[in-house]
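Let's walk through this model together, one piece at a time. Have the sequence and the 3D view open as you read.

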Amino acid sequence: MNGSSTTTTTTDRNHCDDDDNDDDDEEEEEEVKEKKTSEESNKPSPSVSSSDKMASSRCLGRRGRRPAKLDTRVRLERSQQSARECRARKKLRYQYLEELVSSREKAIYILRQELELYRKYCQDIDGGVMPKEVEQMISNSENK
């Protein structure tokens, strides 16, 4: 019985206009897709429950797996973006470290100059001469 109804719809479609055939073909494809998706949703999945499938499809906005080309293209774009961000972070880190080294080198230079000045004061004191700067430091510390 089912076979005769199928042939009737097929013969009915053969008598339609060409424009209608295009619409019918699209409708038929949609029906086939709907049947496949309904059959797939009725099958129980051992590892993933149907509620998990629904939740994941809501999150992604699409059903099913994306094409492999799109996956690789998206993955490649993400990888390239991640690499750009990594290089930018690395550049900033090196700039920060260079500034830190530069400031420490300046501090070392200043401390070495100060050390050399105090060595000179010690040599002068050992030679029997009291530098004026040392006398001022001593008088300032006594006044406080």
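Buried here means under 20% relative accessible area, exposed means over 50%, and partly exposed lies in between, with a 1.4 Å probe and protein chains only as the setting. Before going further, a word on the model: it is predicted, so local features need pLDDT of at least 70 and side-chain atom pairs count only at pLDDT 80 or more, while totals for chains, interfaces and linings use all residues. Residues are numbered from 1 along each chain as its sequence is written, and side-chain values use heavy atoms, with hydrogens and water left out.

Now for the wider setting. Of the 144 residues in the protein, 3% count as buried. The protein has 5 helices and 0 strands, and from the N terminus on its elements run α-α-α-α-α. These elements are DSSP runs numbered from the N terminus, where helices are H or I with at least four residues and strands are E with at least two. The accessible surface comes to about 13,600 Å², and carbon and sulfur atoms hold 51% of that; the areas come from the Shrake-Rupley method with a 1.4 Å probe, and for residues only the protein chains shown count as cover.

Back to Y121 and its partner. Rings of Phe, Tyr and Trp (its six-membered ring) pair if their centres lie within 6.5 Å; planes under 30 degrees apart count as stacked, over 60 as edge-to-face and the rest as tilted. That rule gives 1 aromatic pair. Its rings belong to Y118 and Y121, with centres 6.0 Å apart and planes at 65 degrees, so the pair is edge-to-face. Both tyrosines sit in helix α4 (residues 68–126), and because they are 3 residues apart there, about one helical turn separates them. Y118 is partly exposed, at 38% relative accessibility.

Which residue touches both Y118 and Y121, leaving aside residues up to four places away in sequence? That is M137, where contact means heavy atoms within 4.5 Å. M137 is found in helix α5 and is partly exposed at 40% relative accessibility.

Side chains of opposite charge can pair when their charged atoms come close. A salt bridge is counted when a side-chain nitrogen of Lys or Arg lies within 4 Å of a carboxyl oxygen of Asp or Glu, and searching the whole structure turns up 1. R119 and E116 form this bridge, with 4.0 Å between the closest N and O atoms. Since they are 3 residues apart in helix α4, R119 and E116 are separated by about one helical turn. R119 is partly exposed at 47% relative accessibility, and E116 is partly exposed as well, at 48%.

On the surface, I125, M130 and I138 form a nonpolar patch with about 240 Å² of accessible area together. Patches are made of residues with over 30% relative accessible area and no salt bridge, joining like charges within 9 Å and nonpolar side chains (Val, Leu, Ile, Met, Phe, Trp, Tyr) within 5 Å. M130 lies in the loop between α4 and α5 (132–143), and its 40% relative accessibility makes it partly exposed.
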